[in-house]
Amino acid sequence: MELLDIIKKRHSIRKYTDNQISREDLEKVLEAGALAPNAGGGQRNMLVGIKNKELTTKIGIMNLSKFDRSNLIGSYVSKEQPSVIDDTNIKNGFYGAPSVVIIFGQNNFMFREADAFCCAENMVLQATALGISSCIISRGAETFLSNEGKALLTEWQVPDNYSAICFVILGYIDGDEPQTKPRKANRIKIIE
C-alpha cells in the first residue's frame with residue numbers, strides 16, 4: 001500500500017472490541033515511533049507500550065479524572081466515533097482500547113511536544129498499515145499526577161525529569177470504519 005493510501009485510510013477510532021493486538025504488532029508500532037523525526041536527533045522521547053486491557057482501562061479512567069470541559073468552545077468531534085467531548089457519559093479516556101503506547105518527553109525541552117506528536121503520527125500510520133485501529137489521545141501529564149500515577153511511573157522506571165505528553169491507543173474497531181470528513185477548502189497553497 002502506498003503511503004498516501006495509508007494516510008487516507010487512517011481514522012481516529014474510539015470504539016474497540018476486546019480483541020488484543022499481537023506483541024509483534026505492538027513492537028512494530030513502537031519501532032515506528034522510535035524512528036520518528038526528533039529535534040536535533042536527540043531521541044529524547046521514551047515510549048511505554050502496554051498490552052494489558054485491565055491496565056489500559058485503569059489508566060484511561062485516570063486520564064479523564066481531571067478533564068476540564070470548560071475549555072471546550074463549540075467543539076464536536078463525531079457522531080460515528082464519539083469523543084469524551086461529545087459524550088459526557090464516557091468514563092474511559094482510552095475508549096476501551098486493549099493496548100496503549102504512552103509517549104513521555106523530557107521536561108523543559110522546547111520541542112518535547114513536537115517530538116511526541118511526530119512519534120504518535122508514525123505509530124498511527126504503522127498501526128493502519130497493520131490493520132490496527134488507533135487514536136492519539138492528549139492529556140498526558142495530568143494522567144499521572146495522582147499518587148497512583150506516580151507509582152506507575154516509578155514502576156516503569158520513567159526518569160523523574162520526564163512526563164507523559166500523549167498516548168496512542170490501539171486495538172480493533174467495534175463496528176464500521178467511519179467516513180472520511182471532507183477536507184476544508186483553501187487550506188493548501190503553492191507559491192512559485
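Q: How do the residues of the lining of the largest pocket divide into nonpolar, polar and charged?
A: In this predicted model, the lining has four nonpolar, six polar and ten charged residues. Here Ala, Val, Leu, Ile, Met, Phe, Trp, Tyr, Cys and Pro count as nonpolar, Asp, Glu, Lys and Arg as charged, and the others, Gly among them, as polar. Residues are numbered from 1 along each chain as its sequence is written. Local features need pLDDT of at least 70 and side-chain atom pairs pLDDT 80 or more, while totals for chains, interfaces and linings use all residues; side-chain values use heavy atoms, without hydrogens and water.

Q: Which residues lie nearest the centre of the largest pocket?
A: Rolling a probe the size of a water molecule over the atoms shows where empty space is left. A pocket is an open set of points on a 1 Å grid over the protein atoms alone, where a 1.4 Å probe fits, with protein on both sides within 12 Å along at least five of seven lines; lining residues have an atom within 4 Å of a point. In this structure 20 residues line the largest pocket, and R10, H11, S12, K181 and R183 lie nearest its centre. The space in this pocket is about 540 Å³, a volume being the space filled by probe spheres set on the grid points, which are joined across faces, edges and corners.

Q: Is T143 buried or exposed?
A: Buried means under 20% relative accessible area, exposed over 50%, and partly exposed in between (1.4 Å probe, protein chains only). T143 has 2% relative accessibility, so this residue counts as buried. Leaving aside neighbours within four places in sequence, T143 is in contact (heavy atoms within 4.5 Å) with I59, M62, N63 and F167.

Q: How many salt bridges are found in the whole structure?
A: A salt bridge is a side-chain nitrogen of Lys or Arg within 4 Å of a carboxyl oxygen of Asp or Glu. The search finds five. One of them joins K53 and D18, at 2.7 Å from N to O. Because K53 lies in helix α3 (residues 53-65) and D18 in the loop between α1 (3-9) and α2 (23-34), this pair ties together parts 35 residues apart in sequence. Helices are DSSP runs (H or I, at least four residues), numbered from the N terminus. K53 is partly exposed at 27%, and D18 is exposed at 60%.

Q: What separates R23 and E27 in helix α2?
A: R23 and E27 are four residues apart, so about one helical turn separates them. Their side chains meet in a salt bridge of 2.9 Å, N to O.

Methods
Helix = DSSP H or I, 4+ residues; strand = E, 2+ residues; numbered from the N terminus.
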